[in-house]
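Subject: Structure for your review

Dear colleague,

Please find below the structure that I would like to hand over to you.

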Amino acid sequence: MVAYLVRSDEPRVVEPDLLADAVGRMLILVRESLPVWPAHEVAARLAVLALPVFTWQEAIDPATAAAIRLAALCLAAQAGDQPELLDLCQGIAAGVTLLERRTDGRAPLTETIVLAVT
């Protein structure tokens, strides 16, 4: 599964199977690079909501998707001169949008499994 996120002229690829790793890296970068306490709290709450979805333990619903997306975009707005943090936050927002759209049928699956027996 792949979603494309465009920032400026550079395409970004977001792989839903790697979103949990992105959340973990985002938490580290927020703690290291954003000195403001509210950003740390937003990042922690985003992780609580997102990790069960991104590790396939819980199904996504519109309210959870919106909360994850909003938190990720708020953190992206705070990223300042931290391009890795900005990319991770935008990727999380794009990834949760893809998962939400796949769940409700707006983004059909494009993968095909071919089983051949000889």
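Helices α3 and α4 are roughly antiparallel to each other, because the angle at which they pack is about 165°, and an angle over 145 degrees counts as roughly antiparallel. Please note that this is a predicted model. Helix α3 covers residues 62-78 and helix α4 covers residues 83-104, and their axes lie 8 Å apart. The crossing of the two helices is left-handed.

Which residues make the contact between α3 and α4? From α3, the contact uses P62, A65, I68, R69, A72, L73, L75 and A76. From α4, it uses L86, C89, Q90, I92, A93, V96, T97 and E100.

The cysteines deserve a separate paragraph. How many disulfides does the structure hold? The number is zero. For C74, the closest cysteine sulfur is that of C89, at 9.9 Å, which is too far for a bond, because a disulfide requires the two sulfur atoms to be within 2.5 Å. C89 is likewise in no disulfide.

The loop between α3 and α4 contains Q82. This residue has a relative accessibility of 29%, so Q82 counts as partly exposed. The C-alpha atom of Q82 is separated by 8.8 Å from that of L29, although the two residues are 53 apart along the chain.

L29 itself belongs to helix α1, which spans residues 19-33. Its relative accessibility is 8%, so L29 counts as buried, since the limit for a buried residue is under 20%. What does L29 touch, once its neighbours within four places in sequence are left aside? L29 is then in contact with L34, E84, L85 and L88. Of these, L85 and L88 fall within the residue range of α4, as does E84. A further separation concerns A43, which is 14 residues from L29 along the chain; the C-alpha atoms of L29 and A43 are 9.9 Å apart.

I would be grateful if you would look at these residues in the structure as you read.

Yours sincerely,
A colleague

How values were computed
Residues are numbered from 1 along each chain as its sequence is written. This is a predicted model: local features need pLDDT of at least 70, side-chain atom pairs count only at pLDDT 80 or more; totals for chains, interfaces and linings use all residues. Side-chain values use heavy atoms; hydrogens and water are left out. Axes are lines fitted to C-alpha atoms, for helices over the stretch in contact, and angles run from 0 to 180 degrees between N-to-C directions. Helices (H or I, at least four residues) and strands (E, at least two) are DSSP runs, numbered from the N terminus. Angles under 35 degrees count as roughly parallel, over 145 as roughly antiparallel, 65 to 115 as roughly perpendicular and the rest as oblique. A crossing is left-handed if the near helix is turned anticlockwise from the far one by less than a right angle, and right-handed if clockwise. Contact means heavy atoms within 4.5 Å. Buried means under 20% relative accessible area, exposed over 50%, partly exposed in between (1.4 Å probe, protein chains only).
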